[in-house]
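Hi everyone, thanks for making time.

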Amino acid sequence: MNIIEVNNITKDYGNKKGVFDVSFNVRVGEVLGFLGPNGAGKTTTIRQLMGFIKPDRGRVAINGMNCFKEADKIQINLGYLPGEIAFMDDMTGIEFIKFIANMKELKDFSRAEELMKFFELDPRGKMNKMSKGMKQKIGIVCAFMQNPEILILDEPTSGLDPLMQNKFIELILKEKENGKTILMSSHIFEEIEKTCDRAAIIKEGRIVTVEDMEKLKSNKRKTIEVQFDSQETASSFVSIMPNGKLNENKVIVEVKGEMDEFIKKLSRFPVKDLEIKTQSLEEFFMHFYGGEK
Ligand SMILES: Nc1ncnc2c1ncn2[C@@H]1O[C@H](COP(=O)(O)OP(=O)(O)OP(=O)(O)O)[C@@H](O)[C@H]1O
């Protein structure tokens, strides 16, 4: 069942800017990665899902409700992390979190406290003295503290250091286990690879592809370099591995998908050393991005 439905939406800002005929769905309990280079249209799409802007054409719905007309109702059960957070700078972090909690009529503050501890956030200082990473952590606490069924996250790890990025991945995996439905935009391939079930790729305002992550991962190319004791052994191996390239006593082979056939053939030879380089998902996605990030 689809929880988030984006059907042929267009928001045309002129000069080929905006989003055009964008469609994708997020199923119940699914984590969908929304990927695209700067200016591709991720935030514009997300803002239509949040009901901040109305599509010129098409329909966006969450839980069957129209995102523009029924935004208030939808947002009761939705956690949102904006790409750029407008904070009230003269508040302290904790004042801001409590302000949002009041707005959401949140009674139980224990989850907010749990999240602050998890992200090692001391929220007592003034917001205008906080680093980008600290502000991002406050945004994350605000999005997750009401334990919503649906989460829409616009570049959630922007500004976080690698340790905190890993903590964020941990949080998403836990939320996924709890059956939450999550849409998150990202530039970080590693976090998409580790957390998402599918990825939608947007470029120049149009969806290029929506792919299953397992399929993407299984299609990843591996470059394997095998070192043998002599050039003779290497040549014998190449004779049964026609796509292998001989380089003195080494053979370099590209393997896509299943490794079984390669391993069975290699097991007939004495191997001195073996190195496997896996094509990163980033390299894979570059194919869709057309070289630009
Ligand atoms: N209100 C607006 N008026 C005119 N153009 C706009 C407006 N909002 C966004 N745009 C343009 O629409 C395009 C898509 O912007 P959007 O912010 O959705 O991209 P994005 O994929 O979120 O990029 P980033 O990764 O940089 O955040 C950009 O060219 C942007 O300049």
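Let's start with an open sheet of 6 strands, with mixed pairing and the order 6-7-8-3-9-10. Strands here are DSSP E runs of at least two residues, helices are H or I runs of at least four, and both are numbered from the N terminus; two strands pair if DSSP finds at least two bridges between them. At the edges stand strand 6 (78-81) and strand 10, each with a single partner strand, so one side of each has no neighbour in the sheet. On average, neighbouring strands of this sheet are turned by 15° against each other, direction ignored.

A quick word on what we're looking at. This is a predicted model, where local features need pLDDT of at least 70 and side-chain atom pairs count only at pLDDT 80 or more, while totals for chains, interfaces and linings use all residues. Residues are numbered from 1 along each chain as its sequence is written.

Now to strand 3, residues 31-35. Is it enclosed or open? 5 of its 5 residues are buried, so strand 3 is largely enclosed by the rest of the structure. Buried means that 20 or more other C-beta atoms lie within 10 Å of the residue's own, with C-beta atoms placed from the backbone; exposed would be 12 or fewer, and partly exposed is in between. V31, G33 and L35 point one way from the strand, and L32 and F34 point the other way.

What about the partners of strand 3? It runs parallel to strand 8, with 5 bridges, and parallel to strand 9, with 4 bridges. F34 has S185 as its bridge partner in strand 8 and stands opposite A200 in strand 9. G33 is bridged to A199 in strand 9.

Next, the helices. Helix 6 (residues 162-177) lies across strand 3, strand 7 and strand 8 (181-186), at about 155° to strand 8. Helix 5 (residues 132-144) lies across strand 6 and strand 7 (150-154), at about 165° to strand 6. For those angles, axes are lines fitted to C-alpha atoms, for helices over the stretch in contact, and the scale runs from 0 to 180 degrees between N-to-C directions.

On to the packing. The largest nonpolar core has 55 residues, and L49, I62, L115, V141, I152, L183 and A200 have the most contacts inside it. Such a core is a set of buried Ala, Val, Leu, Ile, Met, Phe, Trp, Tyr and Cys residues joined through C-beta atoms within 7 Å. Helix 5 gives the most to this core, with 6 residues. Which residues does L183 touch, leaving aside neighbours within four places in sequence? They are I4, V26, L32, F34 and I152, where contact means backbone-placed C-beta atoms within 7 Å. A second, separate core of 6 residues includes V226, A234, F237 and V251.

Finally, the domains. The assignment gives domain 1 (2-217) and domain 2 (220-289), with bounds taken from an automatic or database domain assignment. Their centres, taken over C-alpha atoms, are separated by 40 Å. In the contact between them, 10 residues of domain 1 meet 8 residues of domain 2. On the domain 1 side, helix 7 (189-195), strand 9 (198-203), strand 10 (206-212) and helix 8 (213-218) each supply at least two residues.

That's my tour, and I'm happy to take questions!

Key. Contact = placed C-beta atoms within 7 Å.
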